[in-house]
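The report below takes up one part at a time.

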Amino acid sequence: MADESSVVDGAKKGVALKAVSEGNLELVTSPHSHFGWTTSRIMWTVTIALLPSLGAGIFYFGPLALVPVIGAIVGAVGCEWVVGRINKKADTVPDGSAFLTGLLLGLILPPGFSPLHAVLGGVVAVGLGKAVFGGLGDNIFNPALVGRAFLQASFPAGMTDWSTAVTRVDAVSQATPLGLFKFGEPSQFLGDITTSKLLLGNVGGCIGETSSLAIIVGAAILLVTRVAHWRIMGSMLLGGVVFSGAFSLLGVGPGPLFDILSGGFLFGAVFMATDYVTSPNTTRGQYVFGAGIALLTILIRRFGGLPEGVMYSILLMNAAVPLINRVTRPRIFGATS
Amino acid sequence: MALKSFHGGVHPPEYKELTEDKSLEVMPLPAEIFVPLGQHLGKPANSLVKKGEYVRRGQVLAESSGFISAPVHSPASGKFVKMLKGPVVGGTTADILLIKPGEPDPPKEGEEGAPVDSSPMLLEPYRLEMVSGEQIIERVREAGIVGQGGAAFPTAVKLSPPPDKPIDWMIINAAECEPYLTRDYRLMLERTDDLIDGILLIGKALGETVNLGIGIENNKPEAIQALREGVVRRAVQIEVFELKTKYPQGGEKMLIDAALGRKVPPGALPMEVGCVIQNVGTALAIRDAVLGGEVPATATLTVSGLGINEPRNLQVPIGTPLREVIAYCGGANEKARRVVVGGPMMGFAAYSLDAPVVKATSGILVLTEEELKAPPETACVNCGKCAEACPVNLLPFRLLKLAKAGRWEDTRDLGIEVCMECGTCAFTCPAHKPLVQYLRLGKKNVRNLPRKES
């Protein structure tokens, strides 16, 4: 490290810097300039971008919707801290990644979800989703989605119960639009779910996923701050339009607008698929990744046993990331092959 | 019209405003100058002088030691004290000739002989209309001119491409894409006509058919204007390429891509696509040597950074220790933390201020915490920002991991040898990984690998 005093002394004596042949200047490889970003700044920016969605969830489902969100954050951050102590490594809680994982998980839970189960989900998200792979940067699957997949498998009833929350939602019961579409009467469905309700969030669903408008505000924050690039979001949305549109032309499914505005499609595109760690880092790979998620989601929604398919689609595409990175490697400048 | 540019790159904070309006000044000779024998890429020169000998400015101190080498001349008239091992920039220590500038001792009482001449040694100046290509190349070699762009490659070699590589474009690299540096900008404004002479001379050396151009970033509109007016006034054929301000626009490959749309293949030199690139300072040194008969005695450089009290553009005698230059610019302030020689993106951190200014020194920066922005390294989150910014389309994050694991063959397969160490990746990295350090390590180890069978 530099001994600054030598520099200062020199200036005072008017002879600039005093003898430094003993090696007390800072010796570092170039570049000697930086964009100024840090990992934690990115994490907290995403967290801020999620606040509109959290706000919309509280607005539509009442303040108690905060309870599962807090539960998931407590579980995730607690697990990060404990793992750090066990590994005797520097405390990684302040970098914000565990907090973000907890918040993301909380926002994709039903509003009345059990807080204890949410804590458990947070622990699994960070523990099994991230820590076992070696921590931040080394995980294959999106940790928040790992947590949600665990909760879906462990507490299927709680994960599909949309009626327990105090709610402003005035749609028929509190069933989700996708659930209605899959299991309800088409006539009833068509009458009650309007595009404007889907856009504003006045429908049943997960806390953070309900308001498309809030998610779009979040997306704008990510894009303007350049934390996320439009490539994955854009290709996933375009893929949704193309694949859903193609099926609806064949007479299968409700069409692109409904597919994109309902369930976790938009939330997944903006906040889950864009996770740096678990998405491709080549430009072309990002297009493939987004389009692949869209295709899988629409296939699951149309032909699968579940009403929703974004979570499994992203997890499946996460697994394909190393392969995608490999086949979409950019061509080196001036190379012919 | 879209400005000419290349794919990738970054926009580092420019800080050019610190010095861009400061005219070039001549720094006086210090009491002692330290002239390294190796001021160029290639073999160091062989010393010719004897201890205690009086040398004149422009006198050959050391002769070229091979094809890729360059002679070293005395930057001042004075006494050659001794040869010593001393610190140099970007390395450890090297052979250095210590010269004490001054008048020769008066002849002692009763001593015979004419008084020693202390005037500068000049070569015979040529005239622009009369000089031949061969004479230009020979003069450039004789004057020991080296590239001012950073690598300090002997210029005469660059002006003598092999016959199987026809050259149709010679472009002056006036992008000056490194932040802080404004010396090329000042030279373009203050020596516009000399620069045009230099460009015409390089064109002559490369053959009459070569097209001439100069590429300038559009953050220097006055320089673009000055050159365009100069070209019209002199009625010469020099194309002024206006380039987008983006780092590393001044990388040879990026410049050629931006100006002509030609892509230099991996591992090849610009001549592969019919191009020769020369720096502004190099063109002026060629002009001075050919038309003025002078060998390089000073380095034109920018002294800047928030840590220096009086940022300036200076002509510094070659061999001046960094500390003297910093003192001449009012010294460093208490925020100073790192001294960088060259630009902030590719320059070297100086470990000793005894290291001297050499022919190719382009800047001395005294940088503070505020400019360095160097928080501790954190985990790589695979954001891919390095890959997005890499001007030669490498995957720096991947190469970092492979280099850390010592998997040199794999780094070679991913093209690590194409890396020009521009620092764009490390500049963008939110995890503050020492990417350039590991890329250099990887390149060094790849060079040592047994050759790949093909």
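This is a predicted model: local features need pLDDT of at least 70, side-chain atom pairs count only at pLDDT 80 or more; totals for chains, interfaces and linings use all residues.

## A helix in chain A

The buried residues of α11(A) are Ser212(A), Ala214(A), Ile215(A), Gly218(A), Ala219(A) and Leu222(A). Seen down the axis of α11(A), these buried residues fall within an arc of 155°, so they line one face of the helix.

What do the buried residues of α11(A) pack against? Their partners are other helices of chain A, namely α2 (39–61), α10 (195–200), α12 (230–249), α13 (256–261) and α14 (265–272). After α11(A) comes Arg226(A), a residue whose phi is positive, near 60°.

## Chain A as a whole

The secondary structure of chain A consists of 16 helices and zero strands, and 55% of its 337 residues count as buried. If one takes the contacts in chain A with a separation of 6 or more, 72% of them are between residues 24 or more positions apart.

## Strands in chain B

Strands of a sheet pair through backbone hydrogen bonds, and they do so either parallel or antiparallel. Strand β5 of chain B, residues 60–63, is joined to β6(B) by two bridges, and Val60(B) stands opposite His73(B) in β6(B).

Strand β2 of chain B (residues 33–36) has Ile33(B) and Val35(B) pointing one way and Phe34(B) and Pro36(B) pointing the other way, and all of these are buried. Four bridges join β2(B) to the antiparallel strand β8 of chain B, residues 93–101, where Leu98(B) stands opposite Phe34(B).

Strand β17 of chain B (residues 363–368) is mostly covered, with five of its six residues buried. How many bridges join β13(B) to β17(B)? There are three, and these two strands run parallel, with β13 of chain B spanning residues 298–304; Ser304(B) stands opposite Leu365(B) in β17(B). By contrast, β15(B) and β17(B) run antiparallel and are joined by five bridges, and here Val341(B) stands opposite Ile364(B).

## Nonpolar cores

The largest nonpolar core has 147 residues, and those with the most contacts inside it are Met188(B) and Ile326(B). Leaving aside residues up to four places away in sequence, Met188(B) touches Ala174(B), Leu195(B), Ala223(B), Ala226(B), Leu227(B) and Val280(B). Apart from this core lies another, of 82 residues, which includes Leu54(A), Cys79(A), Leu145(A) and Leu198(A).

## Where the chains meet

Between the two chains, 65 residues of chain B are in contact with 45 residues of chain A. Several elements give two or more residues to the side of chain B that touches chain A, among them α8 (322–328), β16 (348–349) and α14 (435–447) of chain B. Which element gives the largest share of this side? That element is β15(B), with five residues. By type, the residues on the side of chain B that touches chain A divide into 43 nonpolar, 12 polar and 10 charged.

Definitions and conventions
Residues are numbered from 1 along each chain as its sequence is written. Chains are lettered from A and ligands numbered from 1 in the order in which they are written. Two strands pair if DSSP finds at least two bridges between them. A residue is buried if 20 or more other C-beta atoms lie within 10 Å of its own, exposed if 12 or fewer, and partly exposed in between; C-beta atoms are placed from the backbone. Two residues are in contact if their C-beta atoms, placed from the backbone, lie within 7 Å. The arc is that of the directions from the helix axis to the C-beta atoms. A nonpolar core is a set of buried Ala, Val, Leu, Ile, Met, Phe, Trp, Tyr and Cys residues joined through C-beta atoms within 7 Å. Ala, Val, Leu, Ile, Met, Phe, Trp, Tyr, Cys and Pro count as nonpolar, Asp, Glu, Lys and Arg as charged, and the others, Gly among them, as polar.
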